[in-house]
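Please consider the structure shown below.

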Amino acid sequence: MKKTNKPNKKKSSSKWKWILFVLLLLIVAGIYVLLTEFKVEKITIEGNTRYTKKEIKEMVIKNSYLENSLVMYVMNRLRPIEGVPFIDKITVTYVNRRQVAIDVYEMAIAGCVEDMGKYIYFDRDGYVLESDDERFEDVPCVEGLSFNRFILHEKLPIEDKEKFEQILRVTQLIQENELQIDRVRFGIAGDLILYKDDIVIQIGKENHLEEKMMNLPGILEKAEGMKGTLHMEEFGSDSKIVTFIPEKVKKSSKKQNKNSAQT
């Protein structure tokens with residue numbers, strides 16, 4: 001007479017059901033803990049200047065789907081945020097279950113050139129970073145450079161290579177000395193001219209350029225709010241001569257002021 005294994009099979013099946021039930025229970029409990037105990041209450045954001053903190057926060061949350069400290073951290077590691085104009089990378093650091101820290105690493109913009117109503121931004125080596133409709137006030141705009149086309153992440157194809165190298169040198173010095181320059185251009189004689197608010201800065205030739213640019217922040221601080229031309233052509237190691245010529249008042253303005261005074 002053959003023995004039957006039905007009771008053992010039932011026992012084994014029941015055992016697996018209990019294991020699956022416990023696993024399911026653990027998964028549900030884990031999800032509950034993840035959603036409730038790791039909900040973000042504080043986000044610190046550093047390094048952003050091109051985007052607001054709100055915009056950066058929205059990018060990170062969209063990338064992770066949840067406002068959850070653990071999920072934000074893991075998703076940032078598995079799928080970093082990419083393709084955001086003027087941003088090199090964004091990192092998310094897990095501080096504690098209620099807090100994360102977001103660090104924004106922006107592209108180092110040296111200058112820009114205007115072309116067909118757009119501003120083409122380049123780095124200190126001349127490589128194109130982005131093309132944008134917006135003009136950033138803290139980035140010097142270079143005038144007088146000509147080119148036919150440009151490709152993102154490739155060097156600007158400037159026809160006058162020597163002049164472009166000079167421009168790159170100047171924009172690097174502007175960055176290093178933390179100068180806020182509006183525009184940069186070369187005069188007819190090849191002399192360098194900078195513009196800051198209502199001040200025209202005549203730098204002259206490239207001789208003693210580093211020294212001129214190093215001293216320029218202090219000079220501009222003293223000339224703040226003034227209008228006119230700042231001559232630094234003779235400034236160098238042997239001479240510290242800087243001449244400021246105030247902007248001449250137009251004759252029409254003088255006449256109007258005189259008539260106003262008479263009335």
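Phe86, Tyr121 and Phe136 are joined into a cluster by ring pairs; rings of Phe, Tyr and Trp (its six-membered ring) pair if their centres lie within 6.5 Å, and planes under 30 degrees apart count as stacked, over 60 as edge-to-face and the rest as tilted. The model is a predicted one, in which local features need pLDDT of at least 70 and side-chain atom pairs count only at pLDDT 80 or more, while totals for chains, interfaces and linings use all residues. Residues are numbered from 1 along each chain as its sequence is written, and side-chain values use heavy atoms, with hydrogens and water left out.

The whole structure contains four aromatic pairs. One of them, between phenylalanine 86 and phenylalanine 136, is edge-to-face, with 5.0 Å centre to centre and 75° between the planes. Phenylalanine 86 lies in the loop between helix 3 (69–78) and strand 2 (87–96), and phenylalanine 136 in the loop between strand 6 (128–132) and strand 7 (141–142), so the pair ties together parts that are 50 residues apart in sequence. Helices (H or I, at least four residues) and strands (E, at least two) are DSSP runs, numbered from the N terminus. Phenylalanine 136 is buried, with a relative accessible area of 7%; buried means under 20% relative accessible area, exposed over 50%, and partly exposed in between (1.4 Å probe, protein chains only). Tyrosine 121 and phenylalanine 136 form a tilted pair, 5.0 Å centre to centre and 40° between the planes.

Which cysteine sulfur is closest to that of cysteine 112? It is the sulfur of cysteine 141, at 3.7 Å, too far for a bond. A disulfide is a pair of cysteine sulfur atoms within 2.5 Å, and the count comes to zero disulfides.
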